[in-house]
Amino acid sequence: MVKTEKEKNLLFRIQNLKQYFPIKKSSFMQKEQLYVRANDDISIDIYEGETLGLVGESGCGKSTFGRTLLHLYDQTDGRTMYYGSGIDELAPEYVLDILKNLVSEHRKLNELQIKEESARKAYEALPEGDEKYYALEKLRDAEKEARTLFYDIAQLVGGLMVADDLAPVSDVLVKEYKISVEARKLKNKINKDKIKLEGIKSSLKEKGKSEAEIQNDTANYMYKIQNTEKELAKIEKELETIQAEIRKLMDKYRDHPDFEKYEAYRDRGINLARLSEEEMRILRKDLQLIFQDPYSSLNPRLTVGQIISEGLYAHKMFAKNDKSIQDYILDSMDKCGLAPYFVHRYPHQFSGGQRQRIGIARSVALQPKFIVCDEAVSALDVSIQSQIINLLLDLKEKEDLTYLFISHDLSVIKYISDRVGVMYLGNIVELAETAELYEHPLHPYTEALLSAIPTTDVDSNRKVEILEGDIPSPIKPPPGCKFHTRCKYATDICKKVVPEFEEARPGHFVACHHKLNTKDK
């Protein structure tokens with residue numbers, strides 16, 4: 001039975017994501033700073049356990065989107081909310097910044113909402129024409145600015161936004177945050193000490209020491225861990241007291257007519273766009289990447305065992321002297337179809353398909369929650385492609401993984417994906433479940449892509465939609481709908497107004513002024 005969107009667990013909520021790369025100025029006289037707009041205002045949800053396929057022409061920003069999602073690039077603008085780990089577990093610095101300045105941030109939100117209302121009145125007062133189109137763009141910008149700040153505050157404060165005075169709310173939430181930070185530090189310390197202890201036990205066992213001798217030699221380490229655990233229990237009790245104080249404060253405003261409305265926005269998501277490098281490093285284990293090129297993505301100086309162990313040591317999953325890592329590596333290799341005797345071999349001794357399996361094993365060994373498969377099969381032979389795709393599907397079921405699968409091959413995307421997003425010049429122009437998108441394309445660009453899929457049916461009456469011209473420059477994209485320069489359905493509005501990304505059919509989103517197949521519902 002297919003789960004509805006309400007039943008699925010959200011893993012990512014991406015809102016208005018932008019990724020721009022500045023271009024070096026041609027001379028010191030040049031005033032305008034130009035950018036390559038690789039990703040431009042992308043909003044999309046990704047759910048746990050699904051495979052989201054992403055298709056589009058070369059240079060449209062698919063790989064950049066995947067890497068921005070993993071924050072290998074610093075996001076230019078927008079929110080990337082991640083729900084695989086809780087905000088209380090990580091306690092990021094940006095949360096403290098919002099909570100400390102809660103009163104001034106709320107004041108700023110009121111000003112932005114007034115600005116938004118003013119832009120709306122100005123837009124509604126204008127007659128139809130070019131001036132109204134430009135006013136619509138200003139209104140959308142004002143809406144986005146107000147909405148972003150509202151989400152930032154409401155996510156942390158929830159129903160307490162209705163409080164007459166936000167200063168006491170700020171004080172108690174800051175107190176909760178600081179104690180959460182202390183608790184997180186102690187948990188990390190305990191985890192590191194336990195990993196170190198396991199490494200020492202493994203090393204002593206290797207030397208032939210008895211269980212009693214091992215217990216005796218590691219007694220000091222155990223005592224240290226127990227003391228830290230006692231300290232953590234004390235901090236957690238203090239945290240419970242403050243949380244009881246927060247609940248008491250919430251009860252005071254629970255009867256307010258808007259309390260439940262604002263409380264619905266409270267969640268545990270982490271805004272990846274606002275994390276520091278150190279904070280992002282903590283989450284790196286959860287978010288992995290399978291590269292396109294199995295030849296250049298592996299270090300030629302390391303053996304397969306060393307390649308897989310590198311991440312395990314970096315993320316403190318094993319201590320350096322822990323001998324049990326060998327069994328773990330062999331188990332990871334076995335899951336990915338690699339023989340145990342490959343462990344001491346070097347990348348140059350393998351075929352392309354085997355190298356890609358090594359790359360997959362390296363990612364899966366870290367027990368991630370999300371993997372970006374960036375053209376993971378495009379460099380392989382067709383027969384090997386099918387093996388790797390089936391391996392990815394098996395791992396997804398066994399390890400409960402979520403994939404963003406980037407590819408040019410629409411047949412591969414159809415086979416592996418639960419939902420498919422179509423990207424054009426940095427924008428996602430259509431998004432739907434796989435069968436729905438292939439049967440009822442609503443965007444002219446999707447229609448053209450699907451018509452280009454090769455077929456062996458000689459009697460097929462399918463008409464191939466040939467797109468004329470090249471993709472416009474991402475440095476200075478055309479105004480309005482970016483596809484209008486190549487679209488046979490384009491009219492005057494397409495050249496002036498950016499279409500809204502909206503739900504045209506159940507679960508089927510599209511950004512187009514002239515949607516196709518809308519009568520067939």
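**Exercise 1.** Which backbone oxygen does the side chain of Q155 reach?

*Solution.* This is a predicted model in which local features need pLDDT of at least 70 and side-chain atom pairs count only at pLDDT 80 or more, while totals for chains, interfaces and linings use all residues. Residues are numbered from 1 along each chain as its sequence is written, and side-chain values use heavy atoms, with hydrogens and water left out.

Begin with the location: Q155 lies in helix 5 (residues 130-157), where helices are DSSP runs of H or I with at least four residues, numbered from the N terminus. Next, take its burial: Q155 has a relative accessible area of 4% and is buried, a term that means under 20% relative accessible area with a 1.4 Å probe, protein chains only. Finally, the side chain of Q155 reaches the backbone oxygen of G269 at 2.5 Å.

**Exercise 2.** Describe helix 6, working from its start to the residue just after it.

*Solution.* At the start of helix 6, the backbone nitrogen of A167 has a side-chain oxygen of D165 within 3.1 Å. The helix itself has 41 residues and spans 60 Å from first to last C-alpha, close to the 60 Å expected at 1.5 Å a residue, the expected span being 1.5 Å times one less than the number of residues. Just after helix 6, G208 adopts a positive phi of about 90 degrees.

Key: Helices (H or I, at least four residues) and strands (E, at least two) are DSSP runs, numbered from the N terminus. A polar contact is a pair of N or O atoms within 3.5 Å; within protein, one must be able to donate a hydrogen and the other to accept it, and residues adjacent in sequence count only if both atoms are side-chain atoms. Buried means under 20% relative accessible area, exposed over 50%, partly exposed in between (1.4 Å probe, protein chains only).
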